[in-house]
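Opening a page for this one. I wanted to go through the helix packing and the core, and jot down what I looked up.

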Amino acid sequence: MKLNYIYEIVLFVVLILLQVLLLNRISLFGIATPVLYVYFLLKLPVGRNLYYVIFSAFLMGLIIDIFLNTPGMNAAAITIVAAFRKNILGLFFEREGYDDFVPGINTAAGPFVRFTIFMVFLHLTLLFFIESFTLFNLKNTLLRIGTSSVVTIPLIITLDSLMFRRNPGEQ
């Protein structure tokens, strides 16, 4: 059990460092930016306490906001997504009797991909609408949401499939 929390802390720190030091410097055609830190919410166990999930997400967003000098936009978007995570999980995964289930590409590929698409799209929609705070340039905002989603989703799925490989004897 304690090993799970250590893994989550390491994942938390690594995702923040990747986002702040590397990914935010990438801007494809000036509109698409990969947003990998939402992967932290995807990899938390299903039965994790709601307050822990919300606090962790807020802290992650706040740290990213501090480093990127954005006034609470990432913290607000990721906290809202974290608040609805349990309900969204119920849409894509069967409610089984164990709370230690960690969604992943190797445990349930189809539901995990759909869950990833939904969570990334929701997060980026909130983030970019909070950032623009207007419907004046709706076309540009929707373009940024779409292109950033197209860049982020394959990155998350690739990262998950590389990090969590099945053992050769598993089915």
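Which residues of α4 are buried? Before answering, a reminder to myself that this is a predicted model. I listed Met73, Asn74, Ala75, Ala77, Ile78, Thr79, Val81 and Ala82 as the buried residues of α4. That is eight of its eleven residues, and I noted α4 as mostly covered. Next I checked what does the covering, and found that it includes α2, α3, α5 and α6.

Then the core. I got 43 residues for the largest nonpolar core, with Leu41, Met60, Phe93 and Phe115 having the most contacts inside it. Elements giving two or more residues to this core are α1, α2 (39-42), α3, α4 (73-83), α5 (85-92), α6 (109-132) and α7 (138-163). I put α6 down for the largest share, seven residues.

I followed up on Phe93. Leaving out residues up to four places away in sequence, Phe93 touches Phe101, Pro103, Ala108, Pro111, Phe112 and Phe115.

Last entry: the α1 and α3 pair. Helix α1 (residues 2-21) packs on helix α3 (residues 50-68) at an angle of about 25 degrees, and their axes are 10 Å apart. Angles under 35 degrees count as roughly parallel, so I wrote α1 and α3 down as roughly parallel to each other. Their crossing is right-handed. From α1, the contact uses Tyr5, Glu8, Phe12, Leu15, Ile16, Gln19 and Val20. On the α3 side I found Tyr52, Ser56, Leu59, Met60, Ile63, Ile64, Phe67 and Leu68. Sorted by class, this contact has twelve nonpolar, two polar and one charged residues.

Notes. Residues are numbered from 1 along each chain as its sequence is written. This is a predicted model: local features need pLDDT of at least 70, side-chain atom pairs count only at pLDDT 80 or more; totals for chains, interfaces and linings use all residues. Side-chain values use heavy atoms; hydrogens and water are left out. Axes are lines fitted to C-alpha atoms, for helices over the stretch in contact, and angles run from 0 to 180 degrees between N-to-C directions. Helices (H or I, at least four residues) and strands (E, at least two) are DSSP runs, numbered from the N terminus. Angles under 35 degrees count as roughly parallel, over 145 as roughly antiparallel, 65 to 115 as roughly perpendicular and the rest as oblique. A crossing is left-handed if the near helix is turned anticlockwise from the far one by less than a right angle, and right-handed if clockwise. Contact means heavy atoms within 4.5 Å. Ala, Val, Leu, Ile, Met, Phe, Trp, Tyr, Cys and Pro count as nonpolar, Asp, Glu, Lys and Arg as charged, and the others, Gly among them, as polar. A nonpolar core is a set of buried Ala, Val, Leu, Ile, Met, Phe, Trp, Tyr and Cys residues joined through side-chain atoms within 4.5 Å. Buried means under 20% relative accessible area, exposed over 50%, partly exposed in between (1.4 Å probe, protein chains only).
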